[in-house]
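Notebook open, structure loaded. I wanted the overall dimensions, then the sheet, then a couple of single residues.

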Amino acid sequence: MAMKRTASSLLRSVASIAASGSSLSSPSPLLARHLHASGGSKKIVGVFYKANEYASLNPNFVGCVEGALGIREWLESQGHQYIVTDDKEGPDSELEKHIPDLHVLISTPFHPAYVTAERIKKAKNLQLLLTAGIGSDHIDLNAAAAAGLTVAEVTGSNVVSVAEDELMRILILVRNFLPGYHQAISGEWNVAGIAHRAYDLEGKTVGTVGAGRIGRLLLQRLKPFNCNLLYHDRVKMSPELENQTGAKFEEDLDAMLPKCDIIVINTPLTDKTRGLFDKDRIAKCKKGVLIVNNARGAIMDTQAVVDASSSGHIAGYSGDVWYPQPAPKDHPWRYMPNHAMTPHISGTTIDAQLRYAAGTKDMLERYFKGEDFPAQNYIVKEGKLASQYL
């Protein structure tokens, strides 16, 4: 069974991940910092969340500081320097100390190292930025492209994990699960307090904003629930895939929103999608809409979500993405009504950790050998951005 696989065995054999078909494009190619300019020892810095007392509870818990993606022994045996930290913010952080002379920076979406244009300018030796997972918006991609850096991620590594989590959140909101849970742990018993806003998922209209790998997997998992499925994306799915999922393409996002009982955000964070769901766009949604967002917090206007949740226009909001991350204690989403928020966890299951750790090791091996990465993993290459980030 999959749960019996060890981190070391999975790291020795990287599972193949289907190519996305996305392309790289850019207004003007620039001179890249030569990715494989020299041999010798490299300084590699990893930024991950700290597991503390949980680190020793699972030998496959590799996505934390203590687990270090399971590659420390391998890297150091080859003479490379590997520094791992969770301290990433501010001029006195551990990460900042290593910016001037690191060659490779590895980060995750769950505890992102924000790589600004200023940091890129300071990083004179930096050649490679790796995301252990999916989603590289914590990096200033335009600045990385201008500097000729390579940015890559482990495409496909946690899409199943996120899609499953989205389905769970949909059901939590539709069935009004959380008030019942809170009653159970507080000694209450008030069926009416739950049932007055609990519904079946069957027959509801669910729209996904974005139908890439995660969006398509979600649609496939929703089909047995006999929902009316809609999707908005910059690319229309093939007729075969539309037939398989039963989903209908909606070219106009604003026309799709009022049709949906449930909206799921599955689009990358780009300059175009940042703040996409502002006050005006949320107003176009059906009153009482349920929203699930495991994509990126900054796609939503933070205060607009709070206001709409408080007024009841949004009847429930759930997700695991915030801006910034980690979310401060006074982040307003923590205190708005009818939410089912968690820290950023959907894509960092143990299974996903093993996949993105293996994918990271594979790219580092290729980097040391001067070989190209799998094409679908590139986000920035030779001054060109992947099409989904344009």
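Predicted model: local features only at pLDDT ≥ 70, side-chain atom pairs only at ≥ 80, totals over all residues.

I started with the surface: the accessible area of the protein comes to about 17,800 Å², and 54% of that belongs to carbon and sulfur atoms. Areas here are Shrake-Rupley with a 1.4 Å probe, and for residues only the protein chains shown count as cover.

Residues are numbered from 1 along each chain as its sequence is written, and side-chain values use heavy atoms, with hydrogens and water left out.

**Overall dimensions**

I looked up the box next: the C-alpha atoms fill roughly 65 × 50 × 45 Å along the principal axes. Buried residues (under 20% relative accessible area; exposed is over 50%, partly exposed in between, 1.4 Å probe, protein chains only) make up 52% of the 390 residues. I then checked contacts, meaning heavy atoms within 4.5 Å. Of those between residues at least 6 apart in sequence, 68% join residues at least 24 apart.

The secondary structure comes to 14 helices and 15 strands. These are DSSP runs numbered from the N terminus: helices are H or I with at least four residues, strands are E with at least two. The radius of gyration is 21 Å, close to the 21 Å from the globule rule for 390 residues, so the protein is as compact as a globular protein of that length. That radius is taken over C-alpha atoms, and the rule is 2.2 Å times the number of residues to the power 0.38.

**The seven-stranded sheet**

In what order do the seven strands of the open sheet run? I read S9-S8-S7-S10-S11-S12-S13, with parallel pairing; two strands pair if DSSP finds at least two bridges between them. S9 (247-249) and S13 (339-341) are the edges, each with a single partner strand, so one side of each has no neighbour in the sheet. Neighbouring strands are turned by 20 degrees against each other on average, direction ignored. For those angles, axes are lines fitted to C-alpha atoms (for helices over the stretch in contact), and angles run from 0 to 180 degrees between N-to-C directions.

I walked through the pairings. S7 (205-209) and S10 (262-265) share four bridges, and Val 206 has Ile 262 as its bridge partner in S10. Four bridges also join S10 to S11, where Ile 265 stands opposite Asn 293. S11 has five bridges to S12 (314-319), with Ile 291 opposite Tyr 317.

How many residues of S11 (289-293) are buried? Five of the five, so this strand is largely enclosed by the rest of the structure. Val 289, Ile 291 and Asn 293 point one way, Leu 290 and Val 292 the other.

**Two single residues**

Thr 85 sits in strand S3 (81-85) and is buried at 7% relative accessible area. A polar atom of the Thr 85 side chain lies 2.9 Å from the backbone nitrogen of Asp 87. Beyond four places in sequence, contacts of Thr 85 include Phe 48, Val 65 and Leu 95.

Arg 221, in helix H9 (213-222), is partly exposed at 26%. Leu 167 is 54 residues away from Arg 221 in sequence, yet 7.6 Å away C-alpha to C-alpha. Leu 167 is also among the contacts of Arg 221, as are Val 160, Ala 163 and Glu 164.

Terms used. Polar contact = N/O pair within 3.5 Å; in protein donor to acceptor, adjacent residues only side chain to side chain.
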